[in-house]
Amino acid sequence: MQPEMRIGYGYDSHEFKPGIPLKIGGIALPHDQGLGGHSDGDVLLHAITDALLGAIAGPDIGSLFPPSDPQWKNADSAVFLREALRRVKTAGYELVNLDSTLILAAPKIGPHAEAIRNHVAQLCGIPADCVGIKAKTPEGTGTENAVVAHVVALLKRR
Ligand code: MG
């Protein structure tokens with residue numbers, strides 16, 4: 001018998017690179033640099049994807065969408081998230097809520113948190129009040145040139 005509920009955890013980090021757009025949670029944020037990576041570098045959507053995949057003990061995002069595969073170059077990370085949600089459904093579960101913490105020196109997330117929350121909720125098919133978006137500054141971690149994302153996700157049996 002499958003457990004009634006499952007929890008998943010996802011982590012990701014991407015380094016800032018000049019001259020590319022910054023996308024976090026599928027929202028374009030005004031900033032002078034963006035996040036490098038093979039896809040669009042959306043650190044939050046990657047961490048959510050891994051949290052969902054982890055909750056069903058599935059393969060991780062890097063195994064499903066290897067950076068070595070040219071088809072994922074500049075890919076919209078919503079594609080990864082949709083595949084994770086599809087696998088969650090196939091496994092017999094649905095997403096209840098998720099919570100995230102972003103760690104970054106700039107830009108400030110506060111003014112954009114509502115837009116990110118609404119967009120992530122829409123992508124995941126859950127209410128906006130089931131999506132936590134929080135941000136911290138790096139404070140002594142030495143990761144000022146990166147954005148780090150931590151995510152937990154709760155699933156319930158369908
Ligand atoms: Mg990533």
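1. A word on terms to start: buried means under 20% relative accessible area, exposed means over 50%, and partly exposed lies in between (1.4 Å probe, protein chains only). With a relative accessible area of 37%, K134 is therefore partly exposed.

2. Please keep in mind that this is a predicted model, in which local features need pLDDT of at least 70 and side-chain atom pairs count only at pLDDT 80 or more, while totals for chains, interfaces and linings use all residues. Residues are numbered from 1 along each chain as its sequence is written, and side-chain values use heavy atoms, with hydrogens and water left out.

3. The structure holds 7 salt bridges, a salt bridge being a side-chain nitrogen of Lys or Arg within 4 Å of a carboxyl oxygen of Asp or Glu. One of them joins the side chains of D99 and K134 at 2.9 Å, N to O. This pair links distant parts of the chain, with D99 in strand β5 (residues 93–103) and K134 in strand β6 (residues 131–136), 35 residues apart. Helices (H or I, at least four residues) and strands (E, at least two) are DSSP runs, numbered from the N terminus. D99 counts as partly exposed because its relative accessibility is 30%.

4. Have a look at D40 and K23 too: their side chains meet in a salt bridge of 3.0 Å, N to O. D40 sits in the loop between β4 (33–35) and α1 (43–55), and K23 in strand β2 (residues 22–24), 17 residues apart. D40 is buried at 14% relative accessibility, whereas K23 is partly exposed at 23%.

5. Lastly, E114 forms a salt bridge with R117, their closest N and O atoms being 3.7 Å apart. Both residues, E114 and R117, belong to helix α4 (residues 113–124).
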